[in-house]
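Please look at the sequence and the model together, and keep both in view while reading.

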Amino acid sequence: MRTNIPAVFFATTLFGVSACHTAQQIEDQPDEPVVQSIVDPNTGTSFELELGGAIELVLKSNPTTGYYWYITGTQGTSIELLNEAYFADPATEGLTGSGGRQKFTFGATAPGETTLQLSYQRHPEDVFESLNLDFHVGR
């Protein structure tokens, strides 16, 4: 059987160069951004974030009572809302009115300070709880 040496050499060289290039690309990629998860913080709590990082703010909620967490104000532009979702807690079959969690995901988009206000309310005149949270985004 006759082997085509140049073709084998070319294929081996091409594969080797491709594999080296892929390894270099992986080494050059920056680390994944850090995602912090914060559950039911106290008002006045401060958080440190890295630029490009994210924070998941998880709050107890029970919209079956008419109450829901709302973002009622922000001062600063160092974070932005990326996502907001509600997750019901597992409940016994036939049981209605069980609560769950609201999850707000914020991205750290610019260095600086941001204060975030949230209210657990039915409507603006019926506020059950308020949170003021401070975020510092570093470079």
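Predicted model: local features only at pLDDT ≥ 70, side-chain atom pairs only at ≥ 80, totals over all residues.

Is Tyr67 buried or exposed? With a relative accessibility of 13%, Tyr67 counts as buried, a word that here means under 20% relative accessible area, while exposed means over 50% and partly exposed lies in between, using a 1.4 Å probe and protein chains only. Residues are numbered from 1 along each chain as its sequence is written, and side-chain values use heavy atoms, with hydrogens and water left out.

Tyr67 also has an aromatic partner. The ring centres of Tyr67 and Phe128 are 5.9 Å apart and their planes stand at 65°, so this pair is edge-to-face. Rings of Phe, Tyr and Trp (its six-membered ring) pair if their centres lie within 6.5 Å, and planes under 30 degrees apart count as stacked, over 60 as edge-to-face and the rest as tilted. Tyr67 sits in the loop between strand 3 and strand 4 (68-75), and Phe128 in strand 8, so that the pair, 61 residues apart, links distant parts of the chain. The strands named here are DSSP runs (E, at least two residues), and helices are likewise DSSP runs (H or I, at least four), numbered from the N terminus. Phe128, at a relative accessible area of 60%, is exposed.

The structure holds eight aromatic pairs, and one of them joins Phe47 and Phe135 in a stacked arrangement, with 5.3 Å from centre to centre and 25° between the planes. This pair links distant parts of the chain, since Phe47 belongs to strand 2 and Phe135 to strand 8 (residues 127-138), 88 residues apart. Phe47 is buried at a relative accessible area of 7%, and Phe135 is buried as well, at 1% relative accessibility. Together with Phe104 and Phe106, Phe47 and Phe135 form one aromatic cluster.

Another kind of contact involves charged side chains. There are three salt bridges in the structure, a salt bridge being a side-chain nitrogen of Lys or Arg within 4 Å of a carboxyl oxygen of Asp or Glu. In one of them, Asp40 meets Arg101, and the closest N and O atoms are 2.7 Å apart. Asp40 is in the loop between strand 1 and strand 2 and Arg101 in strand 6 (residues 100-108), so that distant parts of the chain, 61 residues apart, are linked. Both partners are partly exposed, Asp40 at 28% relative accessibility and Arg101 at 25%.

What is the phi of Asp40? Asp40 has a positive phi of about 45° although it is not a glycine. Most residues other than glycine have a negative phi.

The side chains of Glu56 and Lys103 form another salt bridge, at 3.8 Å from N to O. Because Glu56 lies in strand 3 (residues 54-61) and Lys103 in strand 6, the pair ties together parts that are 47 residues apart in sequence. Glu56 is partly exposed at 22% relative accessibility, and Lys103 is partly exposed with a relative accessible area of 22%. Arg122 and Asp126 also meet in a salt bridge, at 3.8 Å from N to O, where Arg122 is partly exposed at 44% and Asp126 at 23%.
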